Structure formats: structure tokens, C-alpha cells
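I opened my notebook on this one to see what I could look up, entry by entry. Here is the model I had on screen.

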Amino acid sequence: MSPNEIAKKSPLFYAQAACDSLMSLYLPEELPPEGRWHYHQGIFLEGMLQVWKHTGDEKYLEYPKRYVDKLVDEDGNFFFARDELDAIMPGLLLLTLDESFEDRRYRSAAEKLRHLFNTLNKTSEGAFWHKDKYPYQMWLDGLYMGGVFALRYANAYGDASLVPMVIAWEKLMRKHMSDEATGLLYHAWDESRKFPWSNPETGNSPEFWGRSLGWYGLALSQFLDILAEDHPARRELLAALGRFAEGLIRFQDAETGLWHQVVDKGGQPDNWLETSCTSLFVYAIVGAAKHGAVGADALDAARKGYRGLIERLRTDTEGRLIVPNICIGTSVGDYQNYVTRPVSENDLHGVGAFILACVAVAEAEIAL
């Protein structure tokens, strides 16, 4: 697709097209993994709710509502994994539905997710394990999976204790997982130093994996959207987001505008350009510019990343949009683990991230 063709269609056009394509293929309860309360559906449907807020089209509200209503009973009971942060992320849907409908079930279900923070295992310093099956491990992914819900819940229901919890958690990530040379953060940190990938000295995993960094950037940007302007943590979070965005920009592929699966090793022949991390990086860079964490010139990188995404879109024989080159769900590992992961198209990780990127570009009114 040429630059002129890209400019003719708005970012919200592409966000709606991505929503419509999957809506035409799946009933809400059929979204993969079918019939489960899961962050895969959560990120896609959270993107869809942002489209609803910008367009006013009720179908983008009713579709996520049906997903939730098929899983949550009239008393707010539902089945979800009680040993992992990932289960909390779809709670963002509950918060929006509670704002929009007079139905007690949504707040009741949200309260159950909120109380996971009281029972999840933690490191000795108080950072949450990502999942019980990954003991003593802090993953970048978790900050978005749990942190954004916690701050939005705190604002919605006056649960102020959640705010310092999230701020301290993010600070521990920077303390243990930051790399000063690149400005990036490692995918995971193992306090026990027992996992095969764990550096015996630092506890860190060996690589900078794209989508994990994307979740972290998405979280930081949204924290700044949620926190009050006079909150004492804002200055430190702004500085962290600024360093992070500048680090990302240094590793953007000059030719395509995309980012690689292993972000800092674009020169390796078996590394590949990945769209879900690119989408989340576009979002984070736009957020950094919006909040003044970086200069307005950083939007050039966001623009280039967005164009790179649009240029890779395809349509199927029915005219449905296809977002390609998406890494499937991935655990922590070494370089070979990441670059040999299967590549998919229209995986909900990638479509949800792409929709959020389109919404962020639309809000920023970036000239395309």
C-alpha cells in the first residue's frame, strides 16, 4: 500500500476493519481460546471498547458485553485462573461494562479479580510472581496484565491501597530488569536464580523480547493516563517512559519502520519483524510524546511504525483484514526460543495491539 493510499484511510478505519473482520468470523464466546476467561480475548476486546468510545457504534460495546455475559453469571460468579496475573487483564472489560450498564454482576466479578492481589505469591520485595508455575519470576508482561486494572479499579471504586502497590511493583521491575546500555528491560527476572535461562549474577533472562517490552510500555503510558496530575510518582514514571521510548527508537528498523522479535538483534539473519510489538511500541511512543516524556519529534518514529504496519496488512477473499507476522504466546527463553516461535496471522495478541495503536495514532492526530 502506497503512502498516499495510507493517508486516504483514517487509523480508525483500520481499527474498525480489524474489529469487523474477527467479528464476522467468531461469535464472542468462540474467540480463541474458546469459552475461556483469558487475556487473548481481553486485549482484543479492550481495543474494541476503545473503538466504541471513539465512534459511538454500539456494536463495539455489545460484542464485548456478550463475551463477558456468557462467562459471568447474574451473581458475578465465573471461572478464572487464580494463580496468575494474566487472569486479571480481561477485568478491564468489567470496569467499562459497569460504567455503561446497571448490572451488579460486573462490579461483583471485578471485585473477585481485585482480591487476587491479596493471594498471589510475591518475591521477597513484594513483586508479584507472573504465575505460580513460574515461581519467584517477575515478567514485564505482568505489569500490564495486572497493573492497569488495579489503577482503574482504584479510581472507579476508591480503593486507594492499590495505587502504591502498583507504583512499587513497577519500580522493582526497573530496579532488577533494566539495561542501562540499551534503555530496554529484560523479559523476566528470577529471584531464585534457578531457571535455566536465569543469569546467575543478575537473575535476568538473556534477551529483550518485543511483545514483553510492548506490554511494559503500554502499562507505563496508561499509568500516566490514569494517575492524577499531582501524583508524586508521575515524575519518575515520565522519566522511565522517556528513556524507554528513546531506547525503542534506537532499534527501529530503518527500512520498514517495524521492530524485530528480539529487539536489539535486528542484524541477525534468523530474526524477524513482528507486528504485535510494533503496534505496542507505536502506542508507547505516542503516549510518551503526549505526556511530554519525549519531544514531539519522537512522533516521526510512531508515524513510521504505523505506516509499516499498514503496509503489511492483507485482506482475504471475503475482504476481511489480516494482520500478519504475529508471534504466538511465548514463555521466557534464549534467543533461539524467540526467533523459532511460530508466526501467526490475526492472533488476538496482534489484532488487539494493532487496534490500540490505531486508536493512539488517531488520538494524536499524527499527520500520515
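This is a predicted model: local features need pLDDT of at least 70, side-chain atom pairs count only at pLDDT 80 or more; totals for chains, interfaces and linings use all residues.

Entry: Is G267 buried or exposed? I found 76% relative accessibility, so G267 counts as exposed, the cut-off being over 50%. I then checked G267 against L280: they are 13 residues apart in sequence, and their C-alpha atoms are 22 Å apart in space.

Entry: Q252 sits in the loop between α10 and β3. Its relative accessibility is 14%, so I noted Q252 as buried. Setting aside neighbours within four places in sequence, I listed its contacts as G257, L258, W259, A301, K304 and G305.

**Entry: helix α10.** I counted 17 residues in α10, and from first C-alpha to last it reaches 24 Å, close to the expected 24 Å at 1.5 Å a residue. Its buried residues include R234, L237, F244 and L248. Which elements do the buried residues of α10 pack against? My list reads α8, α9 (210-226), β3 (259-260) and α11 (275-290).

Entry: I searched the whole structure and got one cavity of 30 Å³ or more. The largest cavity has a volume of about 30 Å³. I167, E170, K171, R174, A233, E236 and L237 line it. Both α8 (162-177) and α10 (234-250) supply at least two residues of that lining, and α8 gives the most, with four. By class I noted three nonpolar, no polar and four charged residues in the lining.

**Entry: aromatic rings.** My count came to 17 aromatic pairs. For Y144 and W215, the ring centres are 5.5 Å apart and the planes are at 5°, so I wrote the pair down as stacked. Y144 lies in helix α7 (residues 141-157) and W215 in helix α9, so the pair ties together parts 71 residues apart in sequence. Y144 is buried at 1% relative accessible area, and W215 is buried with 1% too. F195 and W197 make a tilted pair, 6.1 Å centre to centre with 40° between the planes. Here F195 counts as partly exposed at 25% relative accessibility, whereas W197 is buried at 14%. Last, I noted one aromatic cluster formed by W37, Y67, F78 and F80.

Note on methods
Residues are numbered from 1 along each chain as its sequence is written. Side-chain values use heavy atoms; hydrogens and water are left out. On a 1 Å grid over the protein atoms alone, a cavity is a set of points where a 1.4 Å probe fits but cannot get out, and a pocket is an open set with protein on both sides within 12 Å along at least five of seven lines; lining residues have an atom within 4 Å of a point. Grid points are joined across faces, edges and corners, and a volume is the space filled by probe spheres set on the points. Ala, Val, Leu, Ile, Met, Phe, Trp, Tyr, Cys and Pro count as nonpolar, Asp, Glu, Lys and Arg as charged, and the others, Gly among them, as polar. The expected span of a helix is 1.5 Å times one less than its number of residues. Buried means under 20% relative accessible area, exposed over 50%, partly exposed in between (1.4 Å probe, protein chains only). Contact means heavy atoms within 4.5 Å. Rings of Phe, Tyr and Trp (its six-membered ring) pair if their centres lie within 6.5 Å; planes under 30 degrees apart count as stacked, over 60 as edge-to-face and the rest as tilted.
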